[in-house]
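Work through the exercises below with the sequence and the 3D structure open. Try each task before reading its solution.

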Amino acid sequence: MSQRQPPKVDGGKISRRDFLKLLAAAGTVMTFTPFVEWGKFLPNPRESNEERSKVVLPDGSQANVNTFKVNHAEAVVYPLSEDPVLNEEAFRTWQFIRLPPELGGEKNDATAFRMYSMVCLHLWCLWKYWPEDGRKRGECPCHGSMYDPLTGEAFAGPASLQAPPSNVLPSLDLEVDDEGNIWIKPPNWSPSGNGVVGYGRFLA
Amino acid sequence: MGVSSLSRDNSLVRLFKWIYAGFDRTIFMGLKFTIPTKFVSPLGFLGMLTFVVFIILGITGAFLMLWYEPILDRAWDSVEKINDTIPYGFHMRNIHYHASNAMVMLAILHMYYQFFSGRYKIRNEMLWVTGVLLGVLTILEAFTGYDIIFSERAELAISIAASLTNSIPILGPDMMNAFFGSGFHDFVLRFYAFHVFFLPIVLLGLMVVHFPRFLVFDVPMVMAVAGAIMLTGGVFPIDLGLKFDPNVPPGITVPEWYLTGLYAFLRSAFDKFTTGVAWPGLFIFTLLIMPFIDKYKKFSWKDRPIISALGITSIAQIIVTTYWGFYIDPDRTKSLLERLMIDPIFLYTVMVLLVPLSFGFTYLMIKIAKNAEANAKKQKPSEKNPIQLPAKWLYILFVALIGFQVYLNIAAYYAVLDGMKNYSLFLIGILMLVFAGMFHLYRYGRGLSKSNVEIVTTNKRKFIFPSIGGSKRKSLEDRSTSMDPSKIGPTEDNPLLSSTEKKDIPVPEIGTHKGGKSSPMYSKDTSPTDTRNADIDLPENSVSKTKINKQSQTSNLDQNVRSFPYDKLNDGQKRDDAFVETTRDGDKSTPVR
Ligand code: HEM
Ligand code: FES
């Protein structure tokens with residue numbers, strides 16, 4: 001290790017050499033600055049649709065308030081892609097739940113429904129909703145995190161111990177049209193909006 | 001090119017020599033490869049073995065790339081196809097898999113050997129630091145590898161990795177987006193890119209910095225490692241796991257053995273960042289700064305009690321947490337969470353208790369070792385007579401082994417025909433081991449036939465390397481000219497002696513060439529100012545040059561020098577090692593010729 005001399009600051013004057021070095025350093029920084037932005041090459045941001053989209057059930061039909069059973073859940077793909085491979089993506093699977101009667105599941109409007117990302121906030125297993133009496137909650141098969149179907153908040157297991165926003169499941173906003181068909185409103189993929197899949201959401 | 005054709009070389013040999021001489025102008029000049037002519041403990045070249053396994057991985061991996069498809073729904077199926085239908089796909093996959101385990105294992109052993117032998121002191125900090133990075137990247141490489149099969153277990157591993165990345169404060173989420181993309185489809189593709197390109201390239205780059213210029217390539221040991229990998233593949237063929245299906249909850253899976261230690265911490269359900277990122281980070285950081293906090297002047301683990309105790313403690317912790325990570329309560333009536341949870345208080349208490357235990361144990365070991373050393377000094381070293389194998393038996397054994405190889409070849413072929421792929425892999429593994437034995441026999445026989453040229457004595461600890469390096473040795477003497485070799489009483493443990501007499505070591509030779517010193521090709525000296533080897537000097541803080549001079553007057557060396565790990569000199573100096581071994585074994589005055 002060579003011992004470095006402290007920079008000479010005699011009377012606030014910088015020597016010509018030091019000034020040159022400074023310029024060279026500044027030039028180097030400027031030359032490579034644009035490449036910082038190139039970091040955007042790496043992430044793959046989720047596409048945000050501007051329009052509402054259908055809740056497509058596994059049988060291919062659109063979910064309807066008049067036919068979907070109370071206290072029942074299905075796995076729904078969103079955003080649905082033309083590419084069947086992408087539709088197998090766990091990050092696109094959502095649990096579409098009609099709440100049990102005691103939580104208001106019998107109403108025929110959007111408040112009876114919930115749609116949460118199925119990716120467990122702990123270590124990304126896929127949890128699902130269990131309608132049995134005494135359960136009526138989302139349960140993760142891996143380490144037993146449990147989710148409140150009303151809010152998507154983890155109330156037991158490792159996911160519940162995580163700091164916000166990682167203790168609340170991302171959720172999608174729903175609306176119902178005149179025929180009772182259920183639609184997904186355009187999402188805002190941020191922790192304070194609809195949440196980030198696999199990461200979480202701030203409870204409003 | 002300075003290659004004069006010798007009548008006894010045929011044209012093929014001349015071609016090889018011409019090519020070899022051509023390296024004179026390339027970067028390889030700086031490297032010195034030595035092939036030991038006698039058995040040498042593999043501890044000293046574990047790094048080389050790691051590298052060889054890395055090459056095996058590169059080759060088998062390249063072949064796997066021909067069939068593997070890094071696509072979400074096809075990854076697992078393509079691996080299944082490789083495993084079940086592609087001819088020899090089973091072999092490739094199993095070699096690749098078991099070699100990955102071997103590489104991680106060898107890298108860890110290599111690190112601990114460097115650690116306990118204190119080699120990082122001999123101006124090897126650079127090698128140590130790059131080594132730690134290599135170790136970390138090796139584990140990452142293996143990790144990305146087993147993830148792209150995309151079985152249930154792989155999926156779990158990926159999600160653990162991603163959520164750990166995510167848990168890093170501030171930068172975490174962005175890093176996760178950058179490295180993992182969004183969703184499993186991206187993961188498979190990206191992990192594939194990392195696994196086959198980014199990480200290996202970085203590994204190779206680091207290896208360039210990491211390798212000392214003097215390397216040992218021990219053919220039998222290399223073949224034995226390769227054979228062991230295949231043999232293990234034959235006995236414990238790797239399964240495919242279950243294909244990951246996002247709608248089927250995965251069963252309980254445990255990661256690969258080199259990650260279960262980490263997994264134990266994760267299962268304590270403590271904060272993710274602390275357990276999964278901060279603890280391992282701290283461990284790696286401690287390793288990184290080891291050479292800078294190790295202020296002992298000596299090298300042997302016996303003389304560095306605190307550092308050795310640290311090492312033993314780390315090993316104990318690794319073993320305990322690794323085991324703990326594997327252990328899952330078999331009681332199926334309990335809930336999953338209960339079975340998986342590790343009580344953090346229990347875990348951390350055990351870990352803390354282990355520390356004094358390990359320190360105590362190390363202290364004891366050092367005591368015992370010192371005693372043994374003292375006892376050994378009192379007794380005269382007994383002359384060991386190695387087994388002498390008469391030439392006739394050598395040939396018979398050789399022929400028998402070749403016969404066995406023929407048998408193994410046929411058997412392996414028929415095993416494949418009969419669909420017994422794992423059995424054939426097993427047999428090929430044995431074949432490799434037989435080759436390892438044969439090579440050893442060969443060099444043994446070769447040693448017998450030219451004993452007065454190369455092999456110094458019959459003591460089995462002595463060996464000389466015919467170096468394939470191109471130049472004569474330069475020695476310490478060039479720099480410390482005031483040192484008069486004649487004044488040095490040849491002592492045991494005297495490295496200086498070896499340094500001064502290096503020039504007596506026969507000029508390297510290879511293969512069929514029998515002339516020893518006289519080959520024009522090898523005696524072509526590099527310029528006298530060549531200092532390539534001149535820095536193969538003793539560690540600065542322990543033996544300064546002035547000290548050397550002083551010490552050279554008396555043969556009574558300072559303890560520092562005495563404990564100098566000659567055979568572990570970084571810059572390889574394997575030939576020196578050979579020499580040192582000679583002097584050390586009490587064969588005081590026989591110079592190596
Ligand atoms: C990717 C894995 C690695 C490879 C391929 C590798 C390769 C090598 C090779 C070929 C050598 C020459 C001596 C020998 O063969 O043993 C060496 C030496 C060394 N390695 Fe590694 N190594 C790896 C990992 C590590 C790790 C994890 C450490 C420790 C943190 C480490 C520390 C050292 C040190 C200190 C030396 C100098 C030994 C000497 O010259 O005496 N290496 N390595
Ligand atoms: S992944 Fe769901 S609880 Fe661990």
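**Exercise 1: a salt bridge in chain B**

Asp77(B) and Lys243(B) form a salt bridge, with their closest N and O atoms 2.6 Å apart. The model is predicted: local features need pLDDT of at least 70, side-chain atom pairs count only at pLDDT 80 or more, and totals for chains, interfaces and linings use all residues. Residues are numbered from 1 along each chain as its sequence is written, chains are lettered from A and ligands numbered from 1 in the order in which they are written, and side-chain values use heavy atoms, with hydrogens and water left out.

Task: state where Asp77(B) and Lys243(B) lie in chain B.

Step 1. A salt bridge is a side-chain nitrogen of Lys or Arg within 4 Å of a carboxyl oxygen of Asp or Glu.
Step 2. Asp77(B) is in helix H3 (residues 75-84), and Lys243(B) is in the loop between helix H9 (219-235) and helix H10 (257-267), so the pair links parts of the chain 166 residues apart. Helices (H or I, at least four residues) and strands (E, at least two) are DSSP runs, numbered from the N terminus.
Step 3. Asp77(B) is partly exposed at 30% relative accessibility, and Lys243(B) is partly exposed at 32%. Here buried means under 20% relative accessible area, exposed over 50%, and partly exposed in between (1.4 Å probe, protein chains only).

**Exercise 2: another salt bridge**

Task: decide whether Asp218(B) and Arg443(B) are buried or exposed.

Step 1. The closest N and O atoms of this salt bridge are 2.7 Å apart.
Step 2. Asp218(B) sits in the loop between strand S2 (214-216) and H9, Arg443(B) in helix H16 (residues 421-449), 225 residues apart.
Step 3. Both Asp218(B) and Arg443(B) are buried.

**Exercise 3: the iron site**

Task: name the protein donors of the iron atom of ligand 1 and classify its site.

Step 1. Donors are N, O and S atoms within 2.8 Å of the metal (3.2 Å for Na, K and Ca); water is not among the atoms, so sites may look incomplete.
Step 2. His110(B) and His210(B) each donate through NE2, at 1.9 to 2.0 Å from the iron atom.
Step 3. His110(B) lies in helix H4 (residues 89-117) and His210(B) in helix H8 (residues 184-210), so the pair ties together parts 100 residues apart in sequence.
Step 4. Six donors count as octahedral if opposite donors are over 155 degrees apart and all others between 65 and 115.
Step 5. His110(B) and His210(B) are buried.

Notes: Four donors count as tetrahedral if all angles lie between 85 and 135 degrees; four count as square planar and six as octahedral if opposite donors are over 155 degrees apart and all others between 65 and 115; anything else is irregular.
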